[in-house]
Amino acid sequence: MRFVPVSLFASYFALRCSVSFAAEAVSFNRDVRPILSDACFHCHGPDEKERKSGLRLDVPTEAFKPAESGARALVAGKPAESELWVRLKSEDPEDAMPPPKTHKKISESQKQILFKWILQGAKYEQHWAFVPLQPVPPPQVKREGWARNPVDRFILARLEAEGLSPSAEAPREALLRRVSLDITGLPPTPSELDAYLQDASPGAYENAVDRLLASKRYGERMAVDWLDAARYADSNGYQVDRDRELWAWRDWVIEAFNRNLSFAQFTIEQLAGDLLPNPTLSQKVATGFHRNHMLNEEGGVIAEEFLAEYTADRVETTGAVWLGQTFNCARCHDHKFDPFSQREFYSLKAFFHNLPEKGVGNYGASIRLNSPPFLKLPAPEVEAKIAGLQKQVTEANLRLAEKGVTASAGVEDWVQRFLAGAVKWDVVEVVSASGGDQPPRVDAAARLVEVGPQETRANTLVFKLKIPNGPVSALRLECATEAASASFLWSELKVFSDVGAKGKEKKPLKLRAVVEGKSIAALEAAKVLDNDRRTRTTLSAKPDAPASAVFELESPMAIGSNSDVDLEVELGVENAGGPSRWRVFCTSAASELLVPSALVAAGQKEAIKRAKVERDQLAEYHAGLDPEYRKLNDETTRLKKSLSEAEAEIPTTLVMEEMKEPRPTFVLIRGAYDKPGEQVQAATPAVLPALASDLPRNRLGLARWLVDPGNPLPARVSVNRFWQAVFGTGLVRTSEDFGAQGEAPSHPELLDWLAGEFIRSDWDIKGLLRLFVTSATYRQSSKFTQTLLERDPSNRLLARGPRFRLQAEFVRDQALVAAGLLSDKIGGPSVRPYHPPGLYEQITAGNGTNQYVQGKGEDLRRRSIYTYWKRSVPHPGMLTFDAPFRESCTLRRPRTNTPLQALNLMNDPTYVEAARGVAERMVKEGGATLEARLVYGARLLLARNPQAAELGVLQRAYERNNKSFQSDPAAARALLAVGSQPVDGGIDPAELAAYTAVVSAVLNSDEWITKE
């Protein structure tokens, strides 16, 4: 920085303004820090590498230091001598600050704030979020009688200072709907509303609150926000985005909220439940919090790169959820705005770097086993089934071993026979070929089929063959290529005989995979015979190395027909990279001559010179030629497969676990996984209280540090998010950022009082929420007035009750409740409700497991928290109402208002079916008259009676629709046919359709999707 002389104008301005400005106290945290953070800290803040001219403005000891020229950026009480002020007022582009090229601007009003601050002594304050919590007494207020609890005194004191008054209490119906939605995510039923309105006791509202807090639905509602924070999903993300199992962790969260687990223990068990003394199954399941991150299973990725991604994600998520800090900004360099160094980022990473994970998921493994560490969950029925199968497998192995002893006799004679014998393979004539993405071409002269590349989806190639006359005992399928290489993902093989015989149906031939010469292993070849396209084998071919598979017919087949086609071969292919050339061979050789090359080589040795492994292989292969042995072997194989399938039925959940030998952790230069710098140890940031010496330097120590009463951030951050859940906006609006770039609290004293109370109550979440919803602040009417619209349009002063659009999950859930369709079931695997046809498949390529299989029955009516969440294509109805993709931690959802939301409410089968359900309830439960039914419908949907004018609108809408449907019965039937729920045949279709249309209109009203 080049210092410039102090201008005469600045001196004059300072002299003129010093008297008038001196009386107005400027707060560094409230007034000054936001200006400097936005405009100056990028070049003059914590990041040493980006710091210009050696000037640092975020720390007073540095800001007051003289430059080499002797000039000072700040001189307390003397703006005219403060280079900061001089540069702010300069009109010279070379000297002006911020430099024009940064496109940062400081307004005139902000400049005056900085002038006053310097004039008043340029007093710094520690950033409010890092200041230790101190007892805060509730303030004195003029309207003592309005306050119901201490929360109200803080709110009222600010309103009185602003010259505003609180709003009247909300109507009882609106208040019960509001608190029901806030605590359970569901509206009150008509019976609950009636009971509350009839309760005239002074504690009626508090009793309703306690009933709601005791509801099992409370845990489901609270878990929605936590799942966003934890980036919970049912799939791994990235390109492959296969499914995963973590629903047991989701259920743990619901159960923890329902039993009111203290937030401190809630924290400890999720971050380090496995490190507690004698951890329970539940505590281990809880650690799934930090396994919710995305997981890459793509081929060719670098494991170390994604291990760095996963551990960085854990640091960033922990920092956001418990500390309200943007640690992602310190991954590649020191934080530019907050006092966190890059070294501290990697010191935090060291806490999470000891998980025995590989960085890349195992795509070849079951989704339940592809990303250890994982935990098998209790499944008594499956475990009993497994025990029975294990016993059967043991017994079958014994019988097989006994038979093997007798079946292996005569090995040497057999060796001499196959050495003396010769297997002759004849190339089969290909009559025609069809199927696949590109039509295969038959080269008749070469007796082969040319197959082009195939897309990643289920395809079937069909070859029709003419076999030479004579017996056929086995077939060999050969995949070759003239390209540099080719691959063929093979899933099925079916061979049919009697294809060209008149008057006969083609019949499938029974095949058995064997090995002859250098063909692929029998176990691999057998995968294409199991009638399951999910089991596959890959053929890899090069010009000088074709791949082949050999299949023995169960009994030799005599060929002697005069038909043009003898056999039909169907090849199931899931993908083919590169062009391939296929030939089919047949032989009449005896089974005992079909021997792998490795056994031929072993047989050519003198018996005495064969290694034990070679002798064992010869004996085992020879035993397999015995029909009885083969039958026993097939039975054993079947039992083992059944056992494997049963074991795969046991649900698992991803968990945290420590390695015996911790990995070393290094600062990664510019965040690059392959550029390690200085080695670091697990440690917490210096700006916060130190990790106590008696705490272990692992995740358990970190968790206990986070909930230490001396740590000022976790309590502040947590109560702010709970406040946000109820009031719509946190006391700190930027609930994800309590740093310099975040917004200062609207009521700082209230925030600190709540944080202190939260700690003193032993982190009681239900107690905190009860405090919020029983306050007079919460119970205010949400009605706008012109004064409030002008003075406080965002309701930051809280002169009225909260009013905002409901979250996506609660919009759908309240429709199901009103229709009487919502399932009471809590927990379990995620379910798949209605979904736009074809959308899922467009994203996932739509083959095999990548097809959306819609649920049935109760699965269509479960609460939205149980909806299957695929990161690459989350449920569109949820996204339309601003649910996140959950690829990373989300602490604050946006709220949009778009035409798509109305289209969704009018057309999604969930809402159309729900509208019909409400309509049926109106007819069957609402009374005999149109008016009574419409009133009942309003109570089901809005928890209140309609006003006279509203009732008139609904009546006219019904009459108009009823007339239309009476004249068009097909339209009525079409509307009522939407959804899987049976239609009540006892109600006139036109009448029911008319009520359905009226309900659909109410579902599209602002009031229905809004918490009033």
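1. Ground rules. Residues are numbered from 1 along each chain as its sequence is written, and side-chain values use heavy atoms, with hydrogens and water left out. The model is predicted: local features need pLDDT of at least 70, side-chain atom pairs count only at pLDDT 80 or more, and totals for chains, interfaces and linings use all residues.

2. Cavities. The count is 7 cavities of 30 Å³ or more. A cavity is a set of points, on a 1 Å grid over the protein atoms alone, where a 1.4 Å probe fits but cannot get out. Grid points are joined across faces, edges and corners, and a volume is the space filled by probe spheres set on the points. The largest cavity has a volume of about 70 Å³.

3. Lining of the largest cavity. Lining residues have an atom within 4 Å of a point. They are Leu-181, Asp-182, Arg-221, Ala-725, Phe-804, Arg-805, Leu-806, Gln-807, Phe-810 and Lys-1011. By class, 5 are nonpolar, 1 is polar and 4 are charged. Here Ala, Val, Leu, Ile, Met, Phe, Trp, Tyr, Cys and Pro count as nonpolar, Asp, Glu, Lys and Arg as charged, and the others, Gly among them, as polar. α8 (172-184) and β18 (804-805) each supply at least two lining residues. Helices (H or I, at least four residues) and strands (E, at least two) are DSSP runs, numbered from the N terminus.

4. Helix α36, length. The helix holds 15 residues, 989-1003. The expected span is 1.5 Å times one less than the number of residues. That gives 21 Å for α36, and its end C-alpha atoms are 21 Å apart, which agrees.

5. Of its 15 residues, 12 are buried, meaning under 20% relative accessible area with a 1.4 Å probe, protein chains only. Among them are Leu-992, Tyr-995, Val-999 and Leu-1003. Against which helices do the buried residues of α36 pack? The partners are α31 (899-907), α32 (909-925), α33 (930-942), α34 (948-967) and α35 (969-976); contact means heavy atoms within 4.5 Å.

6. Strand β8. This strand (residues 486-497) is largely enclosed by the rest of the structure, because 9 of its 12 residues are buried. Two strands pair if DSSP finds at least two bridges between them. β8 pairs antiparallel with β13 (residues 567-577) over 9 bridges, and Glu-492 stands opposite Gly-572. With β11 (residues 537-541) there are 5 bridges, again antiparallel; Phe-488 stands opposite Leu-539. With β9 (residues 507-508) the antiparallel pairing has 2 bridges, and Lys-507 is the bridge partner of Ser-497.

Technical notes
On a 1 Å grid over the protein atoms alone, a cavity is a set of points where a 1.4 Å probe fits but cannot get out, and a pocket is an open set with protein on both sides within 12 Å along at least five of seven lines; lining residues have an atom within 4 Å of a point. Buried means under 20% relative accessible area, exposed over 50%, partly exposed in between (1.4 Å probe, protein chains only).
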